[in-house]
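Here are my notes on the model, as numbered points. Please read them with the coordinates open.

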Amino acid sequence: MTFLQKLSNSWTTNNSLLCVGLDPDVNKFPAELTGQPDAIYAFCKAIVDATADLACSYKPQIAYFAALRAEDQLEAICRYIKTTYPNIPIILDAKRGDIGTTAEQYAREAFERYDADAVTVNPYMGFDSVAPYLEWKDRGAIVLCRTSNAGGSDLQFLDVGGKPLYQHVAQLVADKWNTNGQCSLVVGATFPNEIAQVRALIGDMPLLIPGVGAQGGDVESTVRAGRTANGTGMMINSSRAILYAKPVVDETYAQAARRVALETRDAINQFR
C-alpha cells in the first residue's frame, strides 16, 4: 500500500484529518518518567496508544530524538506504530534538502532505518533534492512550500515571474515533480489565505498543515481553505498542545493528550 493510499484509508477509518506530532521534550515529561532510560520511547508510546483511533498520521520530528542521541528510541517508536497500528502512516519530519548520493542516503535513513511512509523535504536545491525520495514508489515526499513561521516570508514571497515563490513551488510540484502521485506540500495553518491559493493550484494533492494548537492557527479558517471536495486532503498537525496537555483531576498525561486530541479532531471535523 502506498503512502497516499494508507493516508486516504486513515482519513476514512478514523474520521480524522488530525496529524499528531511527536516532539518529545524531556523537560516537559511527567515526573514518573524521570530517570527512565527509555523515557522518550515510553512517552511517545503512551501518546500513540491514547490517540491511535483519532489520528490520520503521526509525525515524529527527528531533531528531538537526535539531539539526545535517542535515534534508537525513534526507531523503536516507528517500529511500534508499524506493528501495532499498521494502517496509520508515519511522516518523518526531517526537512532534508541535499542532492545526489547524499540525498539517496537520507532517503535510505527515512525509509529503511525508520521505515517511514513519508518524509518532509526542502526543495531549495531543486528537483535534484527531491528525486531520490521518489525512487521509493510506495513512499511520500512532502515538500516545504509555505511554512508556518513568520520568517518564511523572507524567501517564500519573493517574486518569481509575477507570482510569489511559494506558489511557484506549489505549481512546480503539482505539474512536474508529482509524476507518480507521491508528493504532498507543507503549508502552514498560520496563513489560511495562502492555503487557499495553494489548494487552487494543486487540485487534490494532500497538504501537511502545521501551526494549529500552540502556534495559534485557526482551525475553521484552515479547514475551509484547505479541504478538498470530499472534505479530506489535509494532515492538520498538532504537537505541543496534545503532547503536553495539562491533566485535570485524576487524569494521566496520556489521558489529557487524548482529551485534547479528541477535541481537536472534532473541531476540525465540524468544518469539513
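**Notes on the predicted model**

1. Start with a helix pair. The axes of helix α2 (residues 39–51) and helix α12 (residues 253–269) approach within 9 Å, crossing at roughly 45°. At that angle α2 is oblique to α12. The crossing of α2 past α12 is right-handed. On the α2 side, the contact is made by Ala42, Phe43, Ala46, Ile47, Ala50 and Thr51. On the α12 side, Tyr253, Ala254, Ala257, Arg258 and Ala261 take part. An α-helix has 3.6 residues a turn, so residues three or four places apart point the same way. Keep in mind that this is a predicted model.

2. Lysine 45 also sits in helix α2. Valine 130 lies 85 residues from lysine 45 in sequence, and the two C-alpha atoms are 31 Å apart.

3. Now the annotated position. UniProt, in an unreviewed entry, places the feature "active site" at Lys95. The annotation may be inferred rather than shown by experiment. In the model, lysine 95 belongs to strand β3 (residues 91–96). With a relative accessible area of 40%, lysine 95 is partly exposed. Check the backbone here: lysine 95 is not a glycine, yet has a positive phi of about 50°.

4. What surrounds lysine 95? Leaving aside neighbours within four places in sequence, lysine 95 is in contact with Gln61, Thr120, Val121, Asn122 and Leu144. The side chain of lysine 95 also makes a polar contact of 2.8 Å with the side chain of aspartate 93.

5. Asparagine 122 comes up again with serine 129. Serine 129 lies in the loop that runs between β4 (118–121) and α6 (131–134). At 0% relative accessibility, serine 129 is buried. Which backbone atom does the side chain of serine 129 reach? It is the backbone oxygen of asparagine 122, at 3.2 Å. Leaving aside neighbours within four places in sequence, serine 129 is in contact with Gly97, Asp98, Ile99, Asn122 and Pro123.

6. Aspartate 117 deserves a look. It is placed in the loop between α5 (100–113) and β4. Aspartate 117 is buried, at 4% relative accessible area. Which side chains make polar contacts with the side chain of aspartate 117? One is lysine 6, at 3.1 Å. Another is lysine 82, at 2.9 Å. Leaving aside neighbours within four places in sequence, the contacts of aspartate 117 include Phe3, Ile88, Pro89, Ile90 and Phe111. Asp138, Arg139 and Gly140 are also among them.

7. Isoleucine 90 is one of those contacts of aspartate 117. Isoleucine 90 lies in the loop between α4 (71–84) and β3. Its relative accessibility is 1%, so isoleucine 90 counts as buried. Apart from neighbours within four places in sequence, isoleucine 90 is in contact with Tyr58, Pro60, Cys78, Ile81, Lys82, Ala116, Asp117 and Ala118. Cysteine 56 is 34 residues from isoleucine 90 in sequence, with a C-alpha to C-alpha distance of 9.4 Å.

8. Next, helix α10 (residues 219–226). Its buried residues are Val219, Thr222, Val223, Ala225 and Gly226. What covers them? The cover includes α9 (192–202), β9 (207–209), β10 (234–238) and α12. At the start of α10, a side-chain oxygen of aspartate 218 comes to within 3.4 Å of the backbone nitrogen of glutamate 220.

9. Aspartate 250 has a positive phi of about 70° and is not a glycine. Aspartate 250 is in the loop between α11 (240–243) and α12. Is aspartate 250 buried or exposed? With a relative accessible area of 75%, aspartate 250 is exposed.

Methods. Residues numbered from 1 in each chain as written. Predicted model: local features only at pLDDT ≥ 70, side-chain atom pairs only at ≥ 80, totals over all residues. Heavy atoms only, no water. Helix = DSSP H or I, 4+ residues; strand = E, 2+ residues; numbered from the N terminus. Buried < 20%, exposed > 50% of the residue type's maximum accessible area, 1.4 Å probe, protein only. Contact = heavy atoms within 4.5 Å. Polar contact = N/O pair within 3.5 Å; in protein donor to acceptor, adjacent residues only side chain to side chain. Axes fitted to C-alpha atoms, helices over the stretch in contact; angles between N-to-C directions. Parallel < 35°, antiparallel > 145°, perpendicular 65-115°, else oblique. Left-handed = near helix turned anticlockwise from the far one by under 90°.
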